[in-house]
Amino acid sequence: MTLSFLLLALCPLLFVTVLKSLRYVKQPSKRRTVAVLVLGDVGRSPRMMYHAESFAQLGFKTFLIGYKGSKPISSLTSLPNVQLCYLPEPPIFGTAPFILLASIKITSQIITILYTLLTIHTPEFIVVQNPPAIPTLALVQLVGLIRGSKVIIDWHNLGFSLLALKLGRTHPFVRIAKRFEDTFGRYAYAHLFVTQAMHDHLMKDVRLVGRKVVLHDRPPSHFHRCLPPEIHELFLRLGPSLTDPALKEFLPTADVPYTTQFTTTTWGSPERTSYSPISMPKLRDDRVALVVSSTSWTPDEDFGILLEALKMYEERAQEVNRDSQSHLTGKLPRIWVVITGKGPLRTVYMSDVAKLQEKWAFVRCTSLWLEAEDYPLLLGSADLGICLHSSSSALDLPMKVVDMFGCGLPVCALNFKCLPELVKAGQNGLIFKDALQLAFQMETLLMSFPNSHLEVLRMSLQRIEKPLHLHPHQFSEGMDWNWCSWTDNWNYVVKPLVLGKVGQVDR
């Protein structure tokens with residue numbers, strides 16, 4: 001009853017908003033135009049930022065629509081034909097019932113999204129990220145009909161599967177969400193899929209209509225393995241922020257600007273004199289192993305697995321390093337685990353970590369928030385990456401692993417259905433199923449660090465550029481798992497769709 005009255009009260013406002021904006025509908029555009037819509041923090045939506053950047057580089061006037069939050073990548077905001085259109089945040093009413101909060105949020109989104117899409121220059125294409133499906137899929141279909149725009153749906157995941165994490169798969173709202181997603185997601189000019197598994201599932205379950213292509217995530221071309229001078233510069237910047245008391249006696253002492261916790265120069269050595277030249281930075285022999293895990297601190301990423309694995313690693317390191325035969329079998333290094341990202345469960349888990357590591361000698365785990373420009377540099381400076389993504393649908397792949405591979409960082413990743421499309425066990429990383437297996441993999445890879453097995457995986461991550469004149473079947477990623485950059489991949493898969501050329505479909 002509450003929902004009915006709320007929607008009835010808001011209908012006049014919605015009608016006036018749409019009517020007012022209709023006068024812009026036939027406004028002519030002097031150039032090719034695209035609207036890229038993500039119902040989330042624009043700066044934390046890398047795939048959609050990359051889409052917008054690729055369209056802009058192709059000459060399109062590009063409107064990137066979403067919520068304001070983290071700073072977008074500079075390579076996007078520096079382009080003159082990109083316009084960021086920030087949506088106002090939906091109103092918050094504290095602890096009201098879920099159905100009321102959801103109704104208010106969705107109604108607010110309907111008004112703001114429609115107003116934005118109907119008042120910008122007529123977009124030739126509307127690219128929308130799914131999820132969330134509600135209300136965006138219905139809105140872009142409506143605007144597409146009104147303005148003659150071609151809708152492109154980027155199937156990043158399944159919206160109803162995320163809702164099921166909160167409400168359970170049998171909840172009526174989850175069934176309604178699935179029906180909504182199937183209905184308004186079925187028809188589009190084109191469908192993009194993050195995995196082949198996503199393509200196959202939707203083709204069978206929903207019977208999609210439109211052009212269909214698999215667009216695997218790929219890192220930007222500037223992602224790379226960092227050299228010692230870059231690592232030195234990074235930790236000169238990060239040094240002042242490393243104030244966690246747990247790190248004070250754990251990391252090697254820095255003598256800025258001559259040494260950092262991970263690098264040193266000639267002036268950083270005890271033998272230096274006032275006449276000693278300052279050499280180029282190099283990695284310190286006494287550095288700790290740097291392990292990075294990027295997480296959104298949400299229920300679909302079980303940080304508890306990593307926490308249990310770190311407990312096991314600490315016990316094993318104490319045992320191995322006091323063994324009189326360790327000089328023959330190798331020693332385990334101290335490790336600093338850096339957790340990046342923001343999310344609702346961060347405070348709870350980091351509180352547990354702080355209590356545990358009071359008694360740890362070989363492990364430190366801290367949370368760190370980085371600017372967009374520093375994030376790939378941290379990945380390129382690290383020794384091992386850990387991914388806890390499990391996927392609500394088991395049909396998408398973690399972008400964080402793509403970023404790590406782009407920075408030459410080997411990964412230990414939690415197993416789920418389609419992960420082998422990205423992580424090839426023993427080639428570019430390892431796959432684990434529980435904390436015990438992760439702890440064993442960390443021990444195996446880090447034994448005798450820095451002269452460890454990591455180097456074998458790291459060498460295989462060196463990017464091999466694929467010539468773009470290859471026949472489509474030759475371009476197939478089945479040849480080997482090495483890949484091109486996001487730009488090369490987008491130009492091969494998506495560019496033919498938007499330029500009206502014959503592209504690769506249903507592959």
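**View 1. Overview of the protein chain.** Of the 507 residues of the protein chain, 52% count as buried (buried means under 20% relative accessible area, exposed over 50%, partly exposed in between, with a 1.4 Å probe and protein chains only). This is a predicted model, in which local features need pLDDT of at least 70 and side-chain atom pairs count only at pLDDT 80 or more, while totals for chains, interfaces and linings use all residues. Residues are numbered from 1 along each chain as its sequence is written, and side-chain values use heavy atoms, with hydrogens and water left out. The secondary structure comes to 19 helices and 15 strands (DSSP runs numbered from the N terminus; helices are H or I with at least four residues, strands are E with at least two). Among contacts in the protein chain with a separation of 6 or more, 70% are between residues 24 or more positions apart (contact means heavy atoms within 4.5 Å).

**View 2. The open sheet of seven strands.** The strands follow the order S3-S2-S1-S4-S5-S6-S7 with parallel pairing (two strands pair if DSSP finds at least two bridges between them). Strand S3 (82-87) and strand S7 (209-214) stand at the edges with a single partner strand each, so one side of each has no neighbour in the sheet. From one strand to the next, the twist averages 20° (axes are lines fitted to C-alpha atoms, for helices over the stretch in contact, and angles run from 0 to 180 degrees between N-to-C directions). Six bridges pair strand S1 (residues 33-41) with strand S2 (residues 61-67) in the parallel sense, and Val34 stands opposite Thr62 in S2. Helix H8 (residues 196-205) packs on the sheet, where it touches strand S5 (150-155), strand S6 (187-193) and S7, and its direction makes about 160° with that of S7.

**View 3. The loop between H8 and S7.** Arg207 lies in this loop. Its phi is near 60°, a positive value in a residue other than glycine. Arg207 is exposed, with a relative accessible area of 57%. Most residues other than glycine have a negative phi, and most peptide bonds are trans.

**View 4. Strand S10 and its partners.** Six of the six residues of strand S10 (residues 289-294) are buried, so the strand is largely enclosed by the rest of the structure. Ala289, Val291 and Ser293 point one way from S10, and Leu290, Val292 and Ser294 the other way. S10 runs parallel to strand S11 (residues 335-340), joined by six bridges, and Ala289 has Ile335 as its bridge partner in S11. Three bridges join S10 to strand S13 (residues 384-387), also parallel; there, Ser293 has Ile386 as its bridge partner.

View 5. Helix H15 (residues 435-446) has twelve residues and reaches 16 Å from its first C-alpha to its last, close to the 16 Å expected at 1.5 Å a residue (the expected span is 1.5 Å times one less than the number of residues). Its buried residues include Leu438, Met442 and Leu445. At the start of H15, a side-chain oxygen of Asp434 reaches to within 3.4 Å of the backbone nitrogen of Leu436. Ser448, in the loop between H15 and H16, has a positive phi of about 65° although it is not a glycine. Ser448 counts as partly exposed at 30% relative accessibility. The peptide bond from Phe449 to Pro450 is cis, with omega near 10°.

Note on methods. Polar contact = N/O pair within 3.5 Å; in protein donor to acceptor, adjacent residues only side chain to side chain.
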